[in-house]
Amino acid sequence: MRTNVSRKNPAAVRNLGILAHVDAGKTTVTERMLYLAGVIHKHGEVHDGTTVTDFDAQERERGITIFAAAVACEWDAHRLTVIDTPGHVDFSDEVERSLRVLDGAVAVFDAVAGVEPQSESVWRRADGYGVPRIAFVNKMDRAGADFGAAVASMRTRLHAAAVPVQLPIGAEGGFTGVVDLVRMRALVWEAGTPTAVPIPDGLAEAARLGRKELEEAVAERHSAALEEFVTTSAIPDAMLGAALRELTLKGEIVPVLCGAAYRDIGVEPLLDAVVAYLPSPLDRPPVRGGAVELAADPAESLAALVFKVHVTNTGRLTFVRLYSGVLGKGDTVLDAGTHRRERVSRILRVQADRHEEVESAVAGDIVALVGPKAARVGTTLCAAAAPVLLEPPTVAEPVVSVAVEARDNAEAERLAVALARLAEEDSSLVVRTDAETGQTLLSGLGELHLEVAVEKIRRDRGIAVSVGRPQVAYRETVLRGVSGMVYRHVKQDGGAGQWAHIVFDVEPLGEPGTTGMEFRSTVVGGRVPAEFVRAVEAGCRDALAAGPLDGHPVTGVRITLTDGATHSKDSSELAFRAAGRLGLREALRTSVIGLLEPIVELTVTAPEEFVGAVLGDLAGRRGRVTGSVTRTGSAVVTAAVPLAELFGYATRLRSRTQGRGTFTTRPQGYALAPTR
């Protein structure tokens, strides 16, 4: 349904993401949306490698979404920008960056599995950004599909106010359509086309009860609907729809729909629900940059956030979300972080790997820019006359590293350039040189994350690369600290001297495995001026970069500055920073230090007859089983396992389950490693 949507009306815009656990069907849902909106004339399939959003060669080979892809379409006089996000935990940073710029989201759930580990993770991140959501229970045609159980899992595991606005007609192979509880009608699909029909007699009572439960859920949370419900014992369709929208925008309700995208069932009502319930840019709170608030208004000064960068041999694409103002082709903008000016030579509306050039973009738009040369993920682009700095997306901390080197020494320089480009595109990839070995280390969020990055270098740059065994990101922590540590820093080398005297305590921040660093000062009487206290904190942070045990970063520590003294001439911020750095290093050497290792939550799905083999293997990997449930002939085992024990686990699991076992992981934190 294509219409001529005014590009200057933010109220007619929906910026949404498709969120899900891997294999829940979100890419298929996105593909059907594009097909129904008239963007494509034949929908592709994930298993054939022909979908629009999974355009990268590795995505098509592996059958999973790796890179968040944006596509634009029109539906019911609204312009939709849809971002298909990865479902694998190794690419969660792509999801994080997308959530930062989205106004709403469709969470897709498997009708058999319900809430799965990664769907739970992305839901929590969406909670953090306050993103309103609707839910779509997909794959209702699968054996074992259970709409009620899927909704119940949303309520228990996500603590979401999941409220069905549809009921399925049939299930598994007999799934043919849905009952619309808002309009009280049935929609049945034949050959991919929906037809509105009366509610079947066999579902009339279930539909009546479902509508009553929907009205009660809305009335509990909406005063006008409550008044109407108390007066008439019912809520009119129009009022019910409007109240659902209000409550969805506030995050107080999650409307739940269902369908089978692969069989083209249920996607049209989902598109209608996106328009009806999810927010436009005008419905979101004004964006804040320090003390400045900017509404989604083209008349405001420009504020845009970079959330993705794509670098190729032919150029650089910078993906931005405009929060306010207008950006025109040829405009010069300010990088608010570096104060560098960047010229926008072209503005592109993105269709995955294809682009349509436009003359301008307005508040609410998500577009790609050609021209900016130094803008990175998290950069704010704004008007030079009205600078503003927006909050960047959170960057996940790498947990796995591999050593990489060019097989041919002549390619070393090209490899360095390729690695720098990778880190520029993906902020969760970190490239550094090991101080002891001189090796180049590439760090990321998991084995698959690094495997994809290395393969990208091989394919896109044509560089033969050797890769070492993966190494996990250990941390060191204080198990028992020291009190009343005295350190005096005195340095005299002919010029102005350095003199600083500090007294401080070092103690654990919490239980072993707690991460972070806390610095506080209890100095009284101005014995250490405030600027010198800040210098001591900076020096302490410097010292925590490498611990005394194995040189890993130190975390889970609280440092309290209790006393100090200054010199009338030789005390300076530089001297107190050095005192903080050197004094804490000495204190850590006298403390009891423990090694922390990253722990992941592992979820294994395998036929019941292989559960014993799976559990035995997990025990050998120091795994601690936390749960086990049976689901339609398969067992789902959950365990906390050290990340270091999971290298090569995919091959082992296949051999233990005759190729029928699958697993997913998600970060759980850190725990004390066994003493060596």
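Is Glu268 buried or exposed? Select Glu268 and check. Glu268 is buried, with a relative accessible area of 11%. Keep in mind as you go that this is a predicted model.

**Stop 1: Glu268**

Glu268 belongs to helix α9. Now display what surrounds Glu268. Leaving aside neighbours within four places in sequence, Glu268 is in contact with Leu36, Trp75, Trp189, Gly192 and Pro194. Glu268 and Pro194 are 74 residues apart along the chain, yet their C-alpha atoms are separated by 8.2 Å.

**Stop 2: the largest core**

Next, select Leu80, Val106, Val137, Met154, Leu214, Val218 and Leu244. These residues have the most contacts inside the largest nonpolar core, which has 76 residues. Which helix gives the most to this core? Colour residues 267-277. That stretch is helix α9, which gives the most, with 7 residues.

Nonpolar side chains tend to be buried together in soluble globular proteins.

Centre on Met154. Not counting residues up to four places away in sequence, Met154 touches Phe109, Val115, Ala135, Val137, His159, Ala160, Ala162 and Val256.

Then move to a second, separate core. It has 35 residues, including Ala418, Tyr474, Ala606 and Phe647.

**Stop 3: helices α6 and α8**

Show residues 204-221 as α6 and residues 237-250 as α8. The axes of these helices come within 10 Å and cross at roughly 55°. That angle makes α6 oblique to α8. The crossing of α6 over α8 is left-handed.

From α6, pick Arg211, Leu214, Glu215, Val218 and Arg221. From α8, pick Asp237, Leu240, Ala243, Leu244 and Leu247. How many nonpolar, polar and charged residues does this contact have? The contact of α6 with α8 has 6 nonpolar, no polar and 4 charged residues. Leu214, Val218 and Leu244 were also among the core residues of the previous stop.

**Stop 4: Ser280**

Go to the loop between α9 and β12 (287-289), where Ser280 sits. Ser280 lies in a loop, but Ser280 counts as buried, at 2% relative accessibility. What does Ser280 touch? Its contacts are Pro10, Ala11, Val13, Arg14, Asp103 and Arg245, not counting residues up to four places away in sequence.

**Stop 5: two positive phi values**

Select Ala77, in the loop between β2 (69-75) and β3 (78-84). Ala77 is not a glycine, but has a positive phi of about 65°. Ala77 is partly exposed, because its relative accessible area is 43%.

Now return to His159. His159 is in the loop between α5 (147-157) and β6 (162-164). Phi of His159 is near 55°, a positive value in a residue other than glycine. His159 has a relative accessible area of 65%, so it is exposed. His159 is also one of the residues that Met154 touches.

**Stop 6: Thr638**

Finish at strand β37 (residues 634-642), where Thr638 is found. Is Thr638 buried or exposed? Thr638 is buried, with a relative accessible area of 18%; the cut-off for buried is under 20%. Show the contacts of Thr638 beyond four places in sequence. Thr638 touches Glu601, Leu602, Thr603, Arg624, Val625, Thr626 and Gly627.

How values were computed: Residues numbered from 1 in each chain as written. Predicted model: local features only at pLDDT ≥ 70, side-chain atom pairs only at ≥ 80, totals over all residues. Heavy atoms only, no water. Core = buried A, V, L, I, M, F, W, Y, C linked by side-chain atoms within 4.5 Å. Buried < 20%, exposed > 50% of the residue type's maximum accessible area, 1.4 Å probe, protein only. Helix = DSSP H or I, 4+ residues; strand = E, 2+ residues; numbered from the N terminus. Contact = heavy atoms within 4.5 Å. Axes fitted to C-alpha atoms, helices over the stretch in contact; angles between N-to-C directions. Parallel < 35°, antiparallel > 145°, perpendicular 65-115°, else oblique. Left-handed = near helix turned anticlockwise from the far one by under 90°. Nonpolar A, V, L, I, M, F, W, Y, C, P; charged D, E, K, R; others polar.
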